[in-house]
Amino acid sequence: MEYLQLLDRLQKSGYQYHIYGNKQLNPELFHVRILTDSQHARTASTLYLAPAQLLPDPGISQPVIIFSAGQRTDTQAEAYADSQFQIVFFNTEITEGAFLNLLLDCLTEIQQISAGMHLLVNALFSGNGLQYLVDTASGLFGNPIYVIDLQHKYLAISAGIVPDNIFFQEEHSAGYISTAGIQYILKHRLDEKIRQCGNALYHYNELVEKSMLIDVIEIQGIEVGHVMMLECEQTFRDFEQEFFHRFSKLISMELQKDTTFKRNKGVMYSYFLADLIRHPAKNTQDIRKRLKTMGYQLKETFYIIAIPSLGYSSSDLKVEVILERLRYILSGNIYVIYENTIVFLLSRDMNQHLSGYEMQQLETYLFANDLKAGVSNFFQNLEDTPRFYEQAVSSVLLGLKLNAPASIYYYKDYYLYQMLESYEKENSKIRYLIQPGLMKLYLYDKEHGTDFINTMTEFLKHPGQPSTIAQNLHIHKNTLLYRMGKVKQITGCEFLEGEEYMNYNLSMMIMKYLHMI
């Protein structure tokens, strides 16, 4: 039993005290004894109870602790001010027998908590995760336990004990607190009361007609969720509130292992987006309803903007600092740090594209801080979020692989490169897919030191625009005509049909992908 813990328990029970002597003592106490004429205070691990007339000489050197209840004189208090041991005088009038029983009760309770905490700490460090910790605690408390994030999503529900209550059974199956439950929480200002309590909050829930203990889960001082226990199978014991409060601290420690919680602590809607990416088969209707209940109205179409770790590896900024700035640039959108990737879900009406101002601000910030972001194609079904998340991430990886000089990579510009990447994984000889005429032109440049490939690139980029092509190449139009004549001669292609343009464009992309050009 920790001594300071005992003092705190006594004070909360209404027993006020004054400490004299050595105030630095905080021993682990195992026994309680009443001092008598024939017994002396000698053992540091024993708490001694003594009437005023049997207090020891102030000069003894043993670092023991003595409780004394009843009347004391000012002379006594002063005499023990500099003692090596500690005397605690209690103001409350109480008989020795009653005081001893009180201390033994406190000792028993604290030992029960200590034994339970030992089991819970072992569960925490077992590496078996949140569910195992919650199940272990539920077995100790004898009641069902629930862990909920700030979006009212159940992170863990203890196994085995299911309340015989339709309300809870429906929530179990949905995985979220119901709309009626959220309205009850708001009406009774439970979140506010829990924060102000400083301990586990005892509350009688009229909705389920049962008492509950509810406590805050915090990560580095920031609230990320709540843990609650229902008085369902076992009646709450006197020390349950303190025990449950300590258990909530272990839940906080467990959640710190989850990078999603650690990096998105206290961020509204973050876990919904993480959930969408992590569980593609999830019933998204529940998420839509939940977001609407919480005041976030989804639009018709969505985009994903992502900055994977490679997108910020060259920057001096920490990922949390980057996110903090981006949430202002892309305000009003759901965001999360998921597996070291900054992810934004942008929700838009069908004809409302990404705002030019948003993208200009984003590009300016990214460029200034050597950051790279990817933008997915638009989509309409939340179930497809993981696929379009991969699009946004892939566009950055491909853009970097191709050394593209940009801060924002749009998947629409890189999807063919991803097809090549997939083909390359199955068959490494994608070089053999290059159109023979273009390969001849490439080899001709190598042999003769010419740059017809560059001319070809501009020709394919701006078909039917000789003035633009010549201007981009910084040559006269007549020079361009000469060069294109040579290109057609070497490749054996007149470029009269759309299919020829398509074939040569694809081959040019393969060359670029292989860093041949």
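**Figure 1. The side chains of K412 and D413 meet in a salt bridge at 3.5 Å, N to O.** A salt bridge is defined here as a side-chain nitrogen of Lys or Arg within 4 Å of a carboxyl oxygen of Asp or Glu. K412 is exposed, with a relative accessibility of 51%, whereas D413 is partly exposed at 42%. For these classes, buried means under 20% relative accessible area, exposed over 50%, and partly exposed in between, computed with a 1.4 Å probe on protein chains only. The structure is a predicted model, in which local features need pLDDT of at least 70 and side-chain atom pairs count only at pLDDT 80 or more, while totals for chains, interfaces and linings use all residues. Residues are numbered from 1 along each chain as its sequence is written, and side-chain values use heavy atoms, with hydrogens and water left out.

Figure 2. Helices (H or I, at least four residues) and strands (E, at least two) are DSSP runs, numbered from the N terminus. R246 is partly exposed, at 21% relative accessible area, and E242 counts as buried at 18%. A search of the whole structure finds six salt bridges. In general, side chains of opposite charge can pair when their charged atoms come close.

**Figure 3. Five strands form an open sheet of mixed pairing, in the order β1-β5-β4-β3-β2.** The edge strands, β1 (17–21) and β2 (31–34), each pair on one side only. The twist averages 25° from one strand to the next. Helix α1 (residues 3–12) packs on the sheet and touches β1, β3, β4 and β5 (86–90). Contact means heavy atoms within 4.5 Å. The direction of α1 makes about 15° with that of β4; axes are lines fitted to C-alpha atoms, for helices over the stretch in contact, and angles run from 0 to 180 degrees between N-to-C directions. Strand β3 (residues 46–49) pairs with strand β4 (residues 65–69) in the parallel sense over three bridges. Two strands count as paired if DSSP finds at least two bridges between them. The bridge partner of Y48 in β4 is I66.

**Figure 4. Helix α17 (residues 436–448) has 13 residues and reaches 18 Å from its first C-alpha to its last.** This reach is close to the 18 Å expected at 1.5 Å a residue, the expected span being 1.5 Å times one less than the number of residues. At the start of the helix, a side-chain oxygen of Q435 comes to within 2.6 Å of the backbone nitrogen of G437. Such a polar contact is a pair of N or O atoms within 3.5 Å; within protein, one must be able to donate a hydrogen and the other to accept it, and residues adjacent in sequence count only if both atoms are side-chain atoms. G437, L438, M439, L441, Y442 and D445 are buried in α17. Their cover includes α18 (452–461), α20 (477–491) and α21 (498–513). The helix is followed by G449, whose phi is positive, near 70°.

**Figure 5. L330 is a buried residue in the loop between α13 and β12 (334–338).** Its relative accessibility is 1%. Not counting residues up to four places away in sequence, L330 touches I305, F344 and E358. L330 and L362 are 32 residues apart in sequence, yet their C-alpha atoms are 8.0 Å apart in space.

**Figure 6. S376 is placed in the loop between β14 (373–375) and α15 (385–401).** S376 is buried, with a relative accessibility of 4%. The side chain of S376 reaches the backbone nitrogen of I304 at 2.9 Å. Beyond residues up to four places away in sequence, S376 touches Y303, I304, F388, Q391, A392 and Y411.
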